[in-house]
Amino acid sequence: MNTSRRIFVFGLGAIGLSACTTGGGGTLGPRISSAPSDLQPVPNAGYDAWVAAFKTRAAGQGISSGTLSAAFRGAGYLPGVVKRDRNQTEFSRTLEDYLAIAASDERVSKGRAAFARHRNTLSAIEAKYGVAAEIVAAVWGLESFYGERRGDVPVISSTSTLAYDGRRGAFFEKQLIAALKILQNGDVSAANMTGSWAGAMGHTQFIPTSYQAFAVDFTGDGRRDIWSADPSDALASTAAYLSRNGWTRGLKWGGEVGNGAPAGTSIQPQPGGPTFNVTSNFRAIKRYNNSDNYAIGVGHLADRIGGAGPIRTSFPPDADGLTKADRVSLQTKLTARGFDTDGTDGVIGPNSRKAISAYQSSVGLPATGNPSLDLLHRLG
C-alpha cells in the first residue's frame, strides 16, 4: 500500500464524540461516547511525558504555542488504537470476494444515488482536473461509503498515541506534525479533525501529509474542508491527487476483456477468473492504493455507477470447492436455521465462520468454522 497517501481501505466505522475524560498532559479531553471502551481516552503518564517533550520538537518546526495548546487540550491516549495497530492481520482476498464487497448491489445503488445528487459538482471537478466523475465517485464509495463512514476518532489523539507507542513512531510523528500544521492553517478545528483510528481523514480518507500535498479548496471558502457533510473539497482533492499522479483525461481505466475493454496490458488477478485490459489510468489509481484488486474495484464500481452491468466471466470454485452461488446458499440456509451470518454476499468472513461453528456444535460436529460442500448438503 502507498502509505504516502493513506493507510487503510475498508473497516472505517463512524464513531461519535461527546462528554469528557482524562486526556494527555492531565487535561480533560473529548470522550468518544459511542466508541468501544478501548477507544476512550485514558490516563497514561508515559504518554503525557512524551507529549510534553514532543511540544518542544513541534515548536522547533514552526507550530505555535496557541496551536499546540488548542490541539492537545482535547487529546488523550487511546489504548485501542495501539491494539488495532499491533493486531492487524495480513491477508489476501480473492478478486471475486473483493468485488462482492467493493461493487455490492448496495454500494452500486448508493453510488448511483450519490452521483445523481452531486452530478454538477462532479462534472465541474472532471472539467477542472480531467479525472472521470465516476472514478472520483467510486473512490468516495470505497473509502467512506459515500461519506457515511468517515470516522470520528480525534486525529490528534490517534496520531499522537501511535507516535508515542513507537512501532511506527517516526511515521506517525510526521503525520502529527502535518495535522498540527493543518490546524494552524485554519482549515479545521481540533474538535472537528476526526478520522479513522489511524488518522485517515474525511470523505476519501487522506492521511495528514497527503492532505498537505494534494487537498484543494474547491468551494472557494478559504478552507480545504474534507470533513464536513459537503464532500466537494474532498472529491476535488481526490481528483487533484489522481491528476498529479498520472491520470490521462479521456482514457478509460481498463475493463473486462470481451466487454468493451480498451487496448492495454492484460492481467488476470485471479486464476481462472476474468481477464482485464488495463491502461495507464489503472496505474494512476494504484498510486492511491497500490493494489490490483483495489484499482479494479474502483474502476468496476465506476463503470457500474455509470450504468454498466456486473462482470460477465464466472469465477472458478474456491479452495473449498464452493462457487459464489454455493456460498450464498450456505449463508442463506445457516441464517434461516438461526445461525446468522450477518449477510448473504457469498464472502465467507468472520461472521459466517462463527455461524458455521455454532451450527457444527449444535449437531455434534467438530466446530471448525470451515465451509464445505458436505456442510452445504447437510443443511439441505
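Start with D165 and R86: their side chains are joined by a polar contact of 2.4 Å. A polar contact here is a pair of N or O atoms within 3.5 Å; within protein, one must be able to donate a hydrogen and the other to accept it, and residues adjacent in sequence count only if both atoms are side-chain atoms.

Before going on, the ground rules. This is a predicted model, where local features need pLDDT of at least 70, side-chain atom pairs count only at pLDDT 80 or more, and totals for chains, interfaces and linings use all residues. Residues are numbered from 1 along each chain as its sequence is written, and side-chain values use heavy atoms, with hydrogens and water left out.

Back to D165. Where is D165? In helix α8, residues 155-165. Helices (H or I, at least four residues) and strands (E, at least two) are DSSP runs, numbered from the N terminus. D165 is buried, at 19% relative accessible area. Buried means under 20%, exposed over 50%, partly exposed in between, with a 1.4 Å probe and protein chains only. Setting aside residues up to four places away in sequence, D165 touches V82, D85 and R86. Contact means heavy atoms within 4.5 Å.

Next, aromatics. A ring pair is described by the distance of the centres and the angle of the planes. Rings of Phe, Tyr and Trp (its six-membered ring) pair if their centres lie within 6.5 Å; planes under 30 degrees apart are stacked, over 60 edge-to-face, the rest tilted. That rule gives 16 aromatic pairs. Why is the pair W50 and F54 called stacked? Because the ring centres are 5.1 Å apart and the planes stand at 10°. Both residues belong to helix α1 (residues 45-60); they are four residues apart, so about one helical turn separates them. W50 is buried at 14% relative accessibility. F54 is buried too, at 0%. Elsewhere, ring pairs link F206, F214, Y241 and Y288 into a cluster.

The charged end of R149 sits over the ring of F145, 4.2 Å from the ring centre. The criterion: NZ of Lys or CZ of Arg within 6 Å of the ring centre and within 35 degrees of the ring normal.

Now the sheet. Three strands form an open sheet in the order β5-β7-β6, paired antiparallel. β5 (254-256) and β6 (265-267) are the edge strands; each has a single partner, so one side of each lacks a neighbour in the sheet. From one strand to the next, the twist averages 20°. Axes are lines fitted to C-alpha atoms, for helices over the stretch in contact, and angles run from 0 to 180 degrees between N-to-C directions. Strands pair if DSSP finds at least two bridges between them. β5 and β7 (residues 276-278) have three, in the antiparallel sense. Within that pairing, E256 stands opposite F276.

T275 lies in the loop between β6 and β7. Buried or partly exposed? Partly exposed, at 27% relative accessibility. Beyond four places in sequence, the contacts of T275 include G255, E256 and V257.

Last, backbone phi. Most residues other than glycine have a negative phi. Y146 has a positive one, near 60°. Y146 sits in the loop between α7 (133-144) and β3 (153-154), and is buried at 7%. Q205, also not a glycine, has a positive phi of about 55°. The loop here runs between β4 (194-195) and α10 (208-214). Q205 is buried, at 0%.
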